[in-house]
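Let's take a walk through this structure together, one piece at a time. Have a look at it first, then read on.

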Amino acid sequence: MLNVYLFQVLNGLGLGMIYFLISVGLTLIFGLLNFVNFAHGAFFLLGSYLCYTLVTLTGNFWLALIAGPLVIAMLAWALERSLIQRIYHLPHTFQILVTLGIALIIQELSIMIWGPVGKSVPTPELLQGVVRFGNFAYPIYRLFLIAFSAGVAILLWLLLERTRFGALVRAGSESTEMVSLLGSNIFRLFSITFALGVGLAGLAGVLSAPLRGAHPFIGPEVLGLAFVVVVIGGMGSFSGALVAGLLVGVVQSLMTTLWPQGASLMIYAAMAVVILLRPYGLFGRA
Amino acid sequence: MDTKTAAVASSAKRNGAAPLARPGRARWAPGTTLAMFGVVILLPVVLPSATLATEILIFAMAALACNLLLGYTGLLSFGQAIFFGAGAYCSALGMLHWQLGLFSALLLALSVGAVLALLVGLLCIRRKGIYFVMLTLALTQMAYFLAYTLSDWTGGDNGLLGVPRPPIALGGTTFVSLASPLAFYGLVAVLFAVIYIMARRITSSPFGSTLLAIRENEARAAALGYDIRLFKIMVFVLSGAITALAGALYAMLLNFAPLSNIELLMSEQILIMTIIGGTGSLFGSLLGAGSIVLLGDILSAIWPRWMLLLGVALIAVVIFMRGGLWGGLTSLLQRARRAASHDKEA
Amino acid sequence: MTNSHAPLLETRQLELAYGAFKAVGGVDLRIHSGTIHTVIGPNGAGKTSLFHCLTGERRPTNGRILLDGRDITRQPAHGRVGLGMARSFQITSLFQELSVHENLRLAAQGVDGWKALNFWQRLDTRKRHIDTADEVLERLNLTERAGIPAGELSHGQQRILEVGMAICARPKLLLLDEPTSGMGIDDIPTMTRLIGELGKDHSILLIEHNMSIVMSISDTITVMNRGQVLVEGTPDSVRNDQRVREAYLGEAA
């Protein structure tokens, strides 16, 4: 019995790391650019499909793991330069509408390319099978997922805390004016951050593909969960996204054994309660 | 230092939900009411089926209600599906379990919509801007999963089947059966016209003018003596009641209340109709709902991916044409008029 | 002088604290009917915090505010308008997309409180508000521009409209927050004249930086420093007060 819970907790951690990867991009973009990206879930979807295509074509998951997020980040870069940059100065309402439009376009294009039925992606050979600890067995890929995302989280943390780029992003999240005073090209910083954030959503899509496959209508669900995490963690907070992502992942995973229908209900209720009682999130600053 | 000023200016502008389009109601008001009647009368004549015409008016009703929130008060809410879905479920359950008649069922939907909107409104108006939007989003998701969980009542994923369409009756005497699509269209058309005229009246009242003031500048409106929260709650109730009515009519039209009624996507769909039609214009809501329902009907058979166009249209509206279809139409009319007066002079 | 009468607006030991920092630290202010009362002070003296308490934007952490002897300390901002207080904003705050006339009409309608909730009457039947708007337009010299969106007025005219909206409520007390802020040198005399004229019909609490205006139109000046009242008196007595000079010099140094 205990093993079942351990299994669910580990599953929850994996799920939580995926949620973290999606949400941290959303929260970074919101923090620095004060921009609300409703297309974030669509880029996750695109990541899953890119993984499917690359694995089908080359049979190499590792290539997909590197190239998938890169392609998506480049796409995001181009999109930022051509369209998103024009709407930074507009109120959030407009940003939501434009990104909602982008999400619709990505979703429909994906169906045109990959068809309306989901695709499954095989687990890479190296990571097939299970690890045994006594009488407890756990899939290797899921362990890899946790370890790999943890590595990404650490790299990201180093990037934000230990580099000039990170310092600029943090300063910019405090006040846009400050970065301009530092003499940096704020628009280049915006482009890079947008591409990075969206690329992370793509990475999450790639990583989850061997587990869940690629589904054309997953975008809104992923977006919704990312908002839950971002809100609970506090909009713009890196550590908040990590803690809240893991929390939501584990709670959701445990609930599936207890009361599956109630899991989502509870998670969104938590989101509403946090906005009402602590709008800056459980870990954000007021 | 251009970037700096731009950045600072932009961050100053971001607070609050600014308007999409400036309502041009004064000049066109009598004209649009006539045009509305024209459309309502012509729809079943021009379209291949009265059912399609009915669907258009039902969504026009929902878009109009959404417009009161978004176009007139500046509140971008993803909560409309809560009211639409609740209206459908409650009227359907009332008819199925309590044998409610047509008008009692519609009245039930109206009141449930109003009460729910009061609750949702009371919660949501405590937050502004992006937090307001997120809160409406969270509540809609909660409503969806609640409906999904309560499958004994709602039928869960399968939806609520066998929703009746009772006749217009009074005290046991049946006056008109609504079984034929055209008869049902008649009922929906009358209800739509009544709501349209009411909404027109409301938007050009002191209350309506205050909504515009709130949309434009909340802090100033409060400083002038308006109790912003009261106005917002009232417009929520109004919008929720109308949306629930539309939901109830939709269930009667389909003889079915699907789970998708209360989904976030329904909110998005209603929002998209409102925005593409033209925010701040009641007639625009009719245009938006009409063109999207029609486009869907025509294109979904030959090109299932037609929703792609909606995505493009959303972006185009924000970047090029804030007034939506209605804004485009009025500027065309104005240009034509100007050209005509030029010709006269020449 | 009307000092023997009860003041129109009175604050008693008004305090607004942010944690340990007291932006307003126990201020007693008495504004008398029919006067222009100006609050000045170096940056950070607490003028704006005081103003926010008076308008209802901030709830004071201590003390009381009385209008005509009535306690309005806990009255929300919108509730104070009906009691006879109206304000202007330091940073122009108009309904940019609505016409100049509609800006003023809305201002006149706002005083009606609950009656503005009327959702059935047509606007043109509310003649009183339209008349008020017309009257104020005339007074502001903006009649010719009545129909254009407020956002298209020149900067100076927007500042004038900003003040004009406050008088539409026909308030007993006008609270003006730096009405000349951001105005060009050419427009300032117009504003000074307007405030002077308004002072004949209204009691005014003015916050202002421009010393020449302050000295020329004020009846009473309160000088604040570090959240407290430093000196209060006529323009002449304030001008020659050593403590005031020190406070301002301290800021310059």
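This is a predicted model: local features need pLDDT of at least 70, side-chain atom pairs count only at pLDDT 80 or more; totals for chains, interfaces and linings use all residues.

How is chain C built overall? Its C-alpha trace spans about 55 × 40 × 35 Å along the principal axes. A compact globule of 253 residues would have a radius of gyration near 18 Å, and chain C has 18 Å, so the two agree. Of its 253 residues, 45% count as buried. Now take the contacts in chain C with a separation of 6 or more: 67% of them join residues 24 or more positions apart.

Next, hop over to chain B and a pair of helices. Two packed helices are described by the angle between their axes and the distance between the axes. For helix α4 (residues 80–98) and helix α6 (residues 129–149) of chain B, the axes come within 9 Å and cross at roughly 25°. Angles under 35 degrees count as roughly parallel, and α4(B) and α6(B) are therefore roughly parallel to each other. Where they meet, α4(B) brings Ala81(B), Ile82(B), Gly85(B) and Tyr89(B), while α6(B) brings Leu139(B), Thr140(B), Ala143(B) and Ala147(B). Sorted by class, that contact has six nonpolar, two polar and no charged residues.

Finally, look for the largest nonpolar core, which has 286 residues. Met61(B), Leu245(B) and Leu314(B) have the most contacts inside it. Leaving aside neighbours within four places in sequence, Met61(B) touches Phe192(B), Ile195(B), Ile242(B), Leu245(B) and Ala246(B).

Definitions and conventions:
Residues are numbered from 1 along each chain as its sequence is written. Chains are lettered from A and ligands numbered from 1 in the order in which they are written. A nonpolar core is a set of buried Ala, Val, Leu, Ile, Met, Phe, Trp, Tyr and Cys residues joined through C-beta atoms within 7 Å. A residue is buried if 20 or more other C-beta atoms lie within 10 Å of its own, exposed if 12 or fewer, and partly exposed in between; C-beta atoms are placed from the backbone. Two residues are in contact if their C-beta atoms, placed from the backbone, lie within 7 Å. The radius of gyration is taken over C-alpha atoms; the globule rule is 2.2 Å times the number of residues to the power 0.38. Axes are lines fitted to C-alpha atoms, for helices over the stretch in contact, and angles run from 0 to 180 degrees between N-to-C directions. Helices (H or I, at least four residues) and strands (E, at least two) are DSSP runs, numbered from the N terminus. Angles under 35 degrees count as roughly parallel, over 145 as roughly antiparallel, 65 to 115 as roughly perpendicular and the rest as oblique. Ala, Val, Leu, Ile, Met, Phe, Trp, Tyr, Cys and Pro count as nonpolar, Asp, Glu, Lys and Arg as charged, and the others, Gly among them, as polar.
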